[in-house]
Amino acid sequence: MTSLYIDIRDDQWPLVYDDNYNVSFCGFEKFHLFDAKKWRNIVQYLIEGEFITRECLVKPNEAKENDLLLVHTKKYLKSLKWSGKVAMIAEVPVIACVPNFLVQKAYLKPMRLQTGGTILAGKLALERGWAINIGGGFHHCSAGKGGGFCAYADITLLIKNLVLHRGVQNTMIVDLDAHQGNGYQHDFLGVPEVYIMDMYNRHIYPRDEEAKRAIRRKIELGNKVEDLEYMIKLRKNLREALKEFKPDILVYNAGTDILDSDPLGHMRISDVGIIKRDEFVFEICKEQDIPVVMLTSGGYLRRTAKIIADSIMNLKNKGLIGCTRYQKY
């Protein structure tokens with residue numbers, strides 16, 4: 001059994017977070033568009049909204065090398081000991097000049113902790129019906145290759161741990177980040193037990209044609225898509241996907257880079273559109289009694305943290321999440 005699977009108290013919510021999720025490169029993170037304190041800000045908004053106290057949160061363990069080797073190759077993990085390699089993955093060239101021990105502490109350790117959080121959230125979703133890792137969703141990383149700020153294949157690791165330790169057979173990934181989730185798609189090419197639905201902007205990174213072969217339900221959008229078109233396509237395709245495939249668990253990659261004016265997503269979804277998107281995914285999972293695990297994934301504007309917090313609070317207000325317990329596996 002993995003040390004990443006821990007039990008939580010009945011009074012805790014399956015909200016996984018640690019303050020050490022946040023990235024700090026002695027100020028170098030300012031060279032990247034990504035809000036490196038996004039995860040801390042989400043939690044702060046939840047606390048300010050009197051939605052949770054810090055005691056409600058679940059602190060994960062860091063994914064260690066033996067945990068990562070369930071998916072990653074030794075060669076790939078060894079390559080992360082070179083700052084130049086990490087700089088390419090993080091898309092911050094100046095990191096290449098930073099000693100690797102600092103890169104490990106400032107960037108890779110927080111990513112390993114978030115990866116541990118994703119794996120734990122999978123277990124908790126089976127026990128509680130839902131779980132949210134306030135982090136994770138590194139969908140551009142595969143077993144042997146990182147990229148797009150994603151250093152570890154947390155989605156692949158989440159699923160493989162559920163198969164190995166919880167006997168899960170069928171998993172659905174619903175990826176609603178603005179970018180194609182090419183990392184786990186490479187890992188699950190030719191794996192019928194993993195159904196992938198990916199809805200993304202076809203004009204932006206990574207445009208990975210080989211990885212697209214793994215997508216069972218592909219919804220390619222254009223630039224400047226707005227709420228109405230987006231929600232019509234989401235509702236239609238997710239309902240049809242769940243008619244085609246009955247998952248034991250649904251992994252929801254809930255990137256907020258679809259937001260209007262996000263510099264990398266190039267879409268025009270409103271704050272309310274994101275909140276309604278998340279509500280629909282949780283609503284259909286509850287309707288069909290499917291455990292759901294949500295990962296926060298991409299989102300590059302400073303204001304996305306508040307939108308994510310508002311969305312989580314909306315899920316509670318709509319009765320879609322709560323401190324209930326049931327054991328499915």
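This is a conversation about how to read a few features of a predicted model.

Visitor: What should I know before I start looking?

Guide: Residues are numbered from 1 along each chain as its sequence is written, and side-chain values use heavy atoms, with hydrogens and water left out. This is a predicted model, where local features need pLDDT of at least 70, side-chain atom pairs count only at pLDDT 80 or more, and totals for chains, interfaces and linings use all residues.

Visitor: Let's start with the sheet. In what order do the strands sit?

Guide: The general idea: strands of a sheet pair through backbone hydrogen bonds, either parallel or antiparallel. Here, 7 strands form an open sheet with parallel pairing, in the order E1-E2-E7-E6-E3-E4-E5. Strands (E, at least two residues) and helices (H or I, at least four) are DSSP runs, numbered from the N terminus. Two strands pair if DSSP finds at least two bridges between them.

Visitor: Which are the edge strands?

Guide: Strand E1 (15–16) and strand E5 (217–221), each of which pairs on one side only.

Visitor: How many bridges join E1 to E2, and how many join E2 to E7?

Guide: E1 and E2 run parallel and share 2 bridges; Leu15 has Ile132 as its bridge partner in E2. Between E2 and E7, also running parallel, there are 4 bridges, with Ala131 standing opposite Val293 in E7. Elsewhere in the sheet, strand E3 (residues 171–175) is joined to strand E6 (residues 249–253) by 5 bridges, again parallel. There, Ile173 has Val251 in E6 as its bridge partner.

Visitor: Which way do the side chains of E2 point?

Guide: Trp130 and Ile132 point one way, Ala131 and Asn133 the other way, and all are buried. Buried means under 20% relative accessible area, exposed over 50%, and partly exposed in between, using a 1.4 Å probe and protein chains only.

Visitor: On to helices. How do I describe a packed pair?

Guide: Two packed helices are described by the angle between their axes and the distance between the axes. The axes are lines fitted to C-alpha atoms, for helices over the stretch in contact, and angles run from 0 to 180 degrees between N-to-C directions. Take helix H10 (residues 271–287) and helix H11 (residues 304–317): their axes come within 9 Å and cross at roughly 40°. H10 and H11 are therefore oblique to each other. For the cut-offs, under 35 degrees is roughly parallel, over 145 roughly antiparallel, 65 to 115 roughly perpendicular, and the rest oblique.

Visitor: What is the handedness of the crossing of H10 and H11?

Guide: Right-handed. On the H10 side, the contact (heavy atoms within 4.5 Å) is made by Asp271, Ile274, Ile275, Asp278, Glu279 and Phe282, and on the H11 side by Ile307, Asp310, Ser311, Asn314 and Leu315. By class, that gives 5 nonpolar, 2 polar and 4 charged residues. Nonpolar covers Ala, Val, Leu, Ile, Met, Phe, Trp, Tyr, Cys and Pro; charged covers Asp, Glu, Lys and Arg; the others, Gly among them, are polar.

Visitor: Is Ser311 buried or exposed?

Guide: Ser311 is buried, with a relative accessible area of 0%. Leaving out residues up to four places away in sequence, Ser311 touches Ile274, Ile275 and Asp278.

Visitor: At what angle do H1 and H11 cross?

Guide: Roughly 45°, with the axes of helix H1 (residues 38–48) and H11 coming within 8 Å. H1 and H11 are therefore oblique to each other, and the crossing is right-handed. Among the residues making the contact are Ile42 and Tyr45 of H1 and Ala309 and Ile312 of H11. The contact divides into 8 nonpolar, 2 polar and 2 charged residues.

Visitor: What does Gly148 contact?

Guide: Leaving aside neighbours within four places in sequence, Gly148 is in contact with Ile89, Glu91, His140 and Tyr205. Gly148 lies in the loop between strand E2 (130–133) and helix H6 (154–166), and counts as buried at 11% relative accessibility.

Definitions and conventions: Left-handed = near helix turned anticlockwise from the far one by under 90°.
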